[in-house]
Amino acid sequence: MSPPKTMSGILIEETGGVEALQWKTDLPVPELKEGEVLVRNEFVGVNYIDTYFRTGLYKTSLPLVTGKEAAGVIVALHPSVTTTTNPSDQPSLQEGLRVAYIADHAYAEYTAIPSTCASPIPAGLSTETVAASLLQGLTALTFVREVAGLARPRDTTHQLGVSEGPWALVHAAAGGAGSMLAQLLAVHGAKVIGTAGGPEKCEVARRNGAQWVVDSKAEDVVARVKEITGGRGVDVIFDGVGKATFEADLEMVARKGTVAVFGNASGPVPPVDVLRLGAKNIKLMRPVLFAYIVTKEERDAYTKELFELLLTGKVNVKVHGVYPLKDVGKGHTELEGRKTTGKLLLKV
Ligand code: NDP
């Protein structure tokens, strides 16, 4: 059956609060361009970046159907998309195939995406699980490899006892990206300290593999981290909170350590005087997932590995809630209000 001409979705005509997310029932279904496939979305992942586009922190042209990831079914392919586009160990792209993707314009019933972004969902994983784990899971996996430099999961036969890996600190370790980071760092043998706001979130962070948790709403994070590490500080800090935590990062990082600021949940970090990095030879990074999965080879290799980690249960995703697409504003309010743990999904 060919796709309809119009569809429902969320349109942003002017940036602002959650009222900027307008439910529309007469959006045009995108016409396929060369190299694209049309996906009927089933689950759309809510990510903090969606709030940056909504508020205008990240600039783009309007009107905009935002949303960076979803999973669903291919319903049409541009004639230029051939089966040779996909590696031989993956099913060919065809109508009816379940796929997940990271691409633009996901807050809608249908999304046209480059065929190179369509990742076939393995039989053992549900569409919901993959929609809930793709963007944040790939963020964590690329960061563990390319920021922390941890090459492979440690041997499971060697899991007893205290890890010999680096000290790693994950802010918001009960959140979406933080949950994935804490689990993956633990799987790779790091000594993981997680921060989280409040006792319930601290428990989630602990279940995510943080051997030490610090309640960022009740404790002095810098003092606790120094105490936990015997005054040494941590080798790598993953900070998606940004403005509110950056100064503490510079205090908590060990000599020759890495501070990776990867988000702005509390606001963007103001410009930094690089001379401040010299006292401890700190490496300061601002990593972005999208720049680690530019080529199809990079994207496919990391996605394959993430799916294996999910299939073997080494990494799990906790879905905080599933809302109808038209209630996306509720999701943004909860995310920005620090009310969520794990992943928020939208059902289309
Ligand atoms: P989360 O589920 O982690 O939600 C954000 C969390 O940040 C909150 O739950 C809260 O946890 C913490 N937080 C601390 N201070 C604030 C504040 N003032 N306002 C809001 N939240 C606060 O969201 P995501 O997993 O979607 O994203 C987390 C971060 O990672 C974001 O900054 C996002 O932009 C970034 N990101 C970056 C990527 C990249 O490629 N660079 C890719 C993916 C995500 P608590 O209450 O426990 O402190």
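## Loops, backbone and overall fold

Student: In which loop is the place of Pro63?

Tutor: Pro63 sits in the loop between α1 (48-55) and β4 (69-77). Please bear in mind that this is a predicted model.

Student: What kind of peptide bond joins Leu62 and Pro63?

Tutor: The bond between Leu62 and Pro63 is cis, with omega about -5°. Most peptide bonds are trans, and most residues other than glycine have a negative phi.

Student: What is phi for Ala172, then, and where does that residue lie?

Tutor: Ala172 has a positive phi, near 50°, and is not a glycine. This residue belongs to the loop between β8 (167-170) and α3 (176-187). Ala172 counts as partly exposed because its relative accessibility is 34%.

Student: And what about Lys256, in which element is it found?

Tutor: Lys256 is part of strand β12, which covers residues 253-261. Its phi is positive too, at about 70°, although Lys256 is not a glycine. With a relative accessibility of 51%, Lys256 counts as exposed, because the cut-off for that class is over 50%.

Student: Changing topic: is Thr341 buried or exposed?

Tutor: Thr341 is buried, because its relative accessibility is 12%, whereas the limit for buried is under 20%. The residue lies in the loop between α8 (328-336) and β15 (343-347).

Student: Which side chain does Thr341 join in a polar contact?

Tutor: That of Lys318; the polar contact between the two side chains is 2.6 Å. Leaving aside neighbours within four places in sequence, Thr341 is also in contact with Ala174, Lys201, Val204 and His320.

Student: Where is Gly35 found, and with which residues is it in contact?

Tutor: Gly35 occupies the loop between β2 (22-28) and β3 (36-46). Beyond its neighbours within four places in sequence, it contacts His78, Ser80, Val81, Ile113, Pro114 and Ser115. Gly35 and Ile113 are 78 residues apart along the chain, and their C-alpha atoms are separated by 8.4 Å. Gly35 is partly exposed, with a relative accessible area of 24%.

Student: How many helices and strands does the protein have?

Tutor: There are eight helices and 15 strands. Of the 348 residues, 54% count as buried. Among contacts between residues at least 6 apart in sequence, 68% join residues at least 24 apart.

Student: What is the radius of gyration, against that of a compact globule?

Tutor: The protein has 20 Å, which agrees with the value near 20 Å for a compact globule of 348 residues. Along the principal axes, the C-alpha atoms fill a box of roughly 65 × 45 × 40 Å.

Terms used: Residues are numbered from 1 along each chain as its sequence is written. This is a predicted model: local features need pLDDT of at least 70, side-chain atom pairs count only at pLDDT 80 or more; totals for chains, interfaces and linings use all residues. Side-chain values use heavy atoms; hydrogens and water are left out. Helices (H or I, at least four residues) and strands (E, at least two) are DSSP runs, numbered from the N terminus. The radius of gyration is taken over C-alpha atoms; the globule rule is 2.2 Å times the number of residues to the power 0.38. Buried means under 20% relative accessible area, exposed over 50%, partly exposed in between (1.4 Å probe, protein chains only). Contact means heavy atoms within 4.5 Å. A polar contact is a pair of N or O atoms within 3.5 Å; within protein, one must be able to donate a hydrogen and the other to accept it, and residues adjacent in sequence count only if both atoms are side-chain atoms.
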